[in-house]
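Grab a viewer and work through a few exercises on this one. Each comes with a solution that goes step by step.

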Amino acid sequence: MRGTLRRLLPARLEQTGIRTGLRWKLSAAIAFVGALVAIALSLVVHNAARVSMLDNARDLADDRIQIAQRNYEQIGRVNFPGVDLNDENLPAELRDKVDHGRRATFVTDEPGGRPDIWAAVPLKDGSVLSLHTGFTDRSTDILNDLDQALVIGSIAVVLGGSALGVLIGGRLSSRLRKAATAAGQVASGETDVRVRDAIGGVVRDETDDLATAMDAMTDALQQRIEAERRVTADIAHELRTPVTGLLTAAELLPPGRPTELVLDRAKAMRTLVEDVLEVARLDSASERAELQDILLGEFVARRVAAKDPDIEVRIVHESEVTTDPRRLERVLFNLLANAARHGRPPIEVTVEGRVIRVRDHGPGFPDDLLADGPSRFRTGSADRAGHGHGLGLTIAAGQARVLGARLTFRNIRAAGAPPHRPAEGAVAVLWLPEHAPTNTGSYPMMP
């Protein structure tokens with residue numbers, strides 16, 4: 001039964017979504033241990049005080065029975081209060097000791113829990129002189145006051161332990177939350193963030209060891225990424241010259257279908273090299289926007305009309321923005337190219353304030369792109385149908401970061417449609433910032 005409960009309880013807690021913080025767990029643990037210690041000490045102190053009081057009462061009864069014995073032997077009759085001769089209610093254990101010729105004391109517990117003190121002594125004539133007294137009210141009051149003090153002290157220990165647990169756990173939890181926040185920033189691409197600096201503090205503990213290890217991992221990862229970026233950029237740079245020469249040589253070939261195929265592949269290779277170089281520059285975080293004030297709706301309408309007059313542009317609300325027109329055009333064209341290659345017409349562009357939406361009516365973006373965002377050499381099509389090398393959305397996302405903008409992707413589904421039903425289109429949304437992206441190191445152009 002217990003094993004079944006142990007197996008079912010974590011599953012039940014997981015299903016109900018119960019989550020407790022470290023501070024509360026630590027506080028509960030300290031309070032529980034404090035309660036156990038307080039109860040144990042209270043029981044020990046209570047029993048020790050009770051035994052001590054009973055011992056004193058038995059010693060007093062023993063002294064009184066000896067005085068009563070001397071008086072009886074001198075005058076031949078009982079003249080001491082509380083003393084009886086041959087009491088029939090004498091406990092059997094005490095009578096057995098007296099029958100063996102021993103003076104003894106004995107304690108009995110009444111049904112109400114109040115102890116009775118007995119003392120007995122054998123006389124020379126074979127009689128038994130006994131004394132029967134109860135636990136004094138003063139001793140009872142002292143014991144009750146002691147119990148009350150122990151209860152109050154136990155409650156104070158539990159509350160104090162809980163407060164201490166909250167204080168210690170809160171500090172540790174705060175450091176862990178700061179470490180988690182810094183780690184999340186590193187995961188989102190802010191490789192200059194260091195966990196050790198984020199948690200701060202003077203006292204060194206295991207959290208600092210964790211932060212040091214995470215910072216070392218971040219440094220190693222950053223170095224590896226930087227090395228890969230340099231290798232990619234160097235390879236792409238070295239390929240520019242031979243690819244340019246290949247394209248020039250292909251243009252000198254006699255007209256014909258083979259020449260067209262060679263030119264097409266050479267141009268595709270040159271585009272790939274240029275895109276790889278652009279991705280390497282964006283990864284290096286050295287790109288800076290050249291900011292200008294433009295009317296976003298008018299700008300998008302003119303650029304889209306020049307790109308493809310068949311694409312519908314709808315301006316819901318015109319807005320003046322401060323951005324880099326060249327980079328914004330690059331993002332817009334890459335989104336249109338992705339929609340044309342992997343979606344289905346009609347392609348719609350909507351401008352609403354500082355937001356640009358590009359929608360197609362194709363099968364939608366793949367799940368991994370929606371979950372993780374654009375990745376190199378992964379197209380916006382689940383089956384990689386069509387043409388392209390999969391750097392368009394990566395470049396669009398990188399240029400959006402330079403602009404201080406946010407680029408999101410989602411699929412359009414009918415209300416209540418099951419998950420396995422294909423999407424009715426894909427939407428890429430570019431959210432331009434309200435203010436100039438000075439945090440990216442960009443600068444305004446002189447008029």
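**Exercise 1: a loop aspartate**

D87 counts as buried because its relative accessibility is 14%, where buried means under 20% relative accessible area, exposed over 50% and partly exposed in between (1.4 Å probe, protein chains only). Before going on: this is a predicted model, in which local features need pLDDT of at least 70 and side-chain atom pairs count only at pLDDT 80 or more, while totals for chains, interfaces and linings use all residues. Residues are numbered from 1 along each chain as its sequence is written, and side-chain values use heavy atoms, with hydrogens and water left out.

Task: place D87 in the fold and list its contacts.

Solution. Helices (H or I, at least four residues) and strands (E, at least two) are DSSP runs, numbered from the N terminus. Next, skip the neighbours within four places in sequence, and D87 touches R95, W118 and S130; contact means heavy atoms within 4.5 Å. Finally, check the C-alpha atoms: D87 and A120 are 9.8 Å apart in space and 33 residues apart in sequence.

**Exercise 2: the aromatic pair**

Task: find the one aromatic pair and work out its geometry.

Solution. Rings of Phe, Tyr and Trp (its six-membered ring) pair if their centres lie within 6.5 Å; planes under 30 degrees apart are stacked, over 60 edge-to-face, and the rest tilted. The structure has one such pair. Its rings belong to F365 and F409, with centres 5.2 Å apart and planes at 80°, so call it edge-to-face. The partners come from distant parts of the chain, 44 residues apart: F365 sits in the loop between β9 (355-360) and α10 (367-372), and F409 in strand β10 (residues 406-411). Now for accessibility: F365 is buried because its value is 7%, and F409 is buried too, at 13%.

**Exercise 3: charges over rings**

Task: which rings have the charged end of K307 or R406 over them?

Solution. The test is NZ of Lys or CZ of Arg within 6 Å of the ring centre and within 35 degrees of the ring normal. K307 passes over the ring of F333, 5.1 Å from the centre. R406 does it over the face of W431, at 4.9 Å from the ring centre.

**Exercise 4: a covered helix and a buried threonine**

Task: is helix α11 mostly covered or mostly open, and what does T323 touch?

Solution. Take α11 (residues 392-402): nine of its eleven residues are buried, so to speak mostly covered. Among them are L393, I395 and V402. Then turn to T323 in strand β7 (residues 320-323), which is buried at 2% relative accessibility. Beyond its neighbours within four places in sequence, T323 contacts E290, L291, Q292, I294, L328 and L403.

**Exercise 5: the whole chain**

Task: how many helices and strands are there, and what share of residues is buried?

Solution. Count the elements: eleven helices and twelve strands. Then the residues: 35% of the 447 are buried. Last, look at contacts between residues at least 6 apart in sequence: 64% of them join residues at least 24 apart.
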